[in-house]
Amino acid sequence: MMKTAYVMAVDAGTGSGRAIIYNTRGEIVGSAQEEWGHPAVEGVPGGLDFTTGPNGALIDRVIARAIATAEISAGEIAAVSTTSMREGIVLYDDAGEVLWACPNVDGRAQVQAEALTEAGISDEIYRRGGDWVSITAPARLHWLRDNRPDVFARVHRLGMISDWMATRLTGAYVTEPTAGSSSALFDLSQRGWSEELLELIGLSSEIVPPVVEAGTKIGDVTAEAAARCGLTPGTPVVAGGGDTQLALLGLGRRAGQATLVGGSFWQMTILSDQPLVDPAFGPRTLCHARPEEWMVEGIGFLSGFALRWVRDAFFEPLLKLSGGEGDAFDLIEKLAQDTPAGSAGAIAATACPMQSDAWKQPPLSFLGLDLNAPGLALGQVARSVMEAGAFLANHHLETLAALSGQRYDTLQFTGGSSQGTLWPQIIADVTGRDIEIPVVKETTALGCAMLAAVGAGLFATLDEAVAAMASPIERRVVPDPDNMALYAPLKARWSEVTDGVRDLGEASGLEPIWRPAGARVKQ
């Protein structure tokens, strides 16, 4: 190993772009971040664009600022790797110019997803590729064909958003299995593009890029890219991948282990040594960063964002009006902590369990608030949102355990939602599992940096990189037996109420939190 070496992770998240520089001990030495948005497309319901021009310039800026904050020379960076939100795609013409791009949250392809479902094609996509058509490439490409035929006719290449960042640095068109499989155009068992699925939706295999495993060097930073962002020409660029899989890599997780990744969305995940695909169309399956592993995940729709909504809707305005100081999340936790387990009878309907082929959400609702105790109301709202997230995570854990035939006695909990003390305790009490909280809460970029280090030759194997750079455990949370007993009947009660709110909202025309494309009509 080099005496002093650094690697850079470039991360395109749903809400921001950032660059982070690590040393070979996994310590951050420099970073920069800027928020971005995805503009709505006029006249296209649900349509959101990923604006590669402004977003590319933003990525260049954060790379340059990260180098400056690290107070190192760009030449000391041994390699760069990229990670991003999954599902988002970028399309290029034959000159390499971007024609069209959309983020993961784009929802314009409702009609096309429904057509794929009615034709039975969505079923085959899920069985072979592990995901439904709601926010994946097949329906979006059909939307482009139907609504922008002039653009569709010029499509020469397709890539994922993490691929796009690497292409901007190197000029090379390559994908890897973690982000590539989120296109729903992969054959999971082969960890590569499915000729059958491409043919089924009418696409040529010539538009998809070659596939290499994560951690493989794919090219060098070009002189043009270096002039834009401040990296040194010739710096190796290494295949990275999808954000959740790289978070698990950053934690050092392996097959047979379960992890709850708690950001705006929550992902209850397991890793497996085979591509498990749920015959009941519940969770989704993607390739993991290790060649011999796959990830299955049940997604908690906006579980983390729901508490941020509580902060913005209630607590921040109250603090502002009162002229008070302090952190709104600290106040949320205090009031929720003062509210008894079970939220004094209140239930938050924030999201339903993942059902890939018919994943309909409820309109946001709070039921059972106590009119006789108005002083308890904010605590009930806050704690019920926390408990809803835990109930949903527990449902997904039980589904994943049944699918894999394993019991997961310990969970790791990472991401922004793991930073407090109450929410991890509620998850322990609801699931009946010990919860491990790592020191590093944002592990996606760390996993990306590990891949860069392996691709640069700083470590001989990924296992060596994980051993040197992975985050240790900060604390362990054990279930409270009394709360476990209290929550046991409330799990089913929460499920009944949430399903009832979803059905009532659908029958009465109330707007759900999210309306999926291509949802199968359940009899």
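A salt bridge here is a side-chain nitrogen of Lys or Arg within 4 Å of a carboxyl oxygen of Asp or Glu. The model on screen is predicted, so local features need pLDDT of at least 70 and side-chain atom pairs count only at pLDDT 80 or more, while totals for chains, interfaces and linings use all residues. Residues are numbered from 1 along each chain as its sequence is written, and side-chain values use heavy atoms, with hydrogens and water left out.

By the salt-bridge rule, the count is 36.

Select Arg65 and Glu34. Their side chains form a salt bridge, 2.9 Å from N to O. Arg65 sits in helix α1 (residues 52–70) and Glu34 in strand β3 (residues 28–35), 31 residues apart. Helices (H or I, at least four residues) and strands (E, at least two) are DSSP runs, numbered from the N terminus. Arg65 is partly exposed, at 36% relative accessibility. Buried means under 20% relative accessible area, exposed over 50%, and partly exposed in between (1.4 Å probe, protein chains only).

Next, select Arg108 and Asp106. The closest N and O atoms of this salt bridge are 2.9 Å apart. Arg108 is buried, at 6% relative accessibility, and Asp106 is buried too, at 1%.

Last, select Arg284 and Asp131, a salt bridge of 2.8 Å, N to O. Arg284 is in strand β14 (residues 284–287) and Asp131 in the loop between α3 (121–129) and α4 (137–147), so the pair ties together parts 153 residues apart in sequence. Arg284 is buried at 3%, and Asp131 is buried at 6%.
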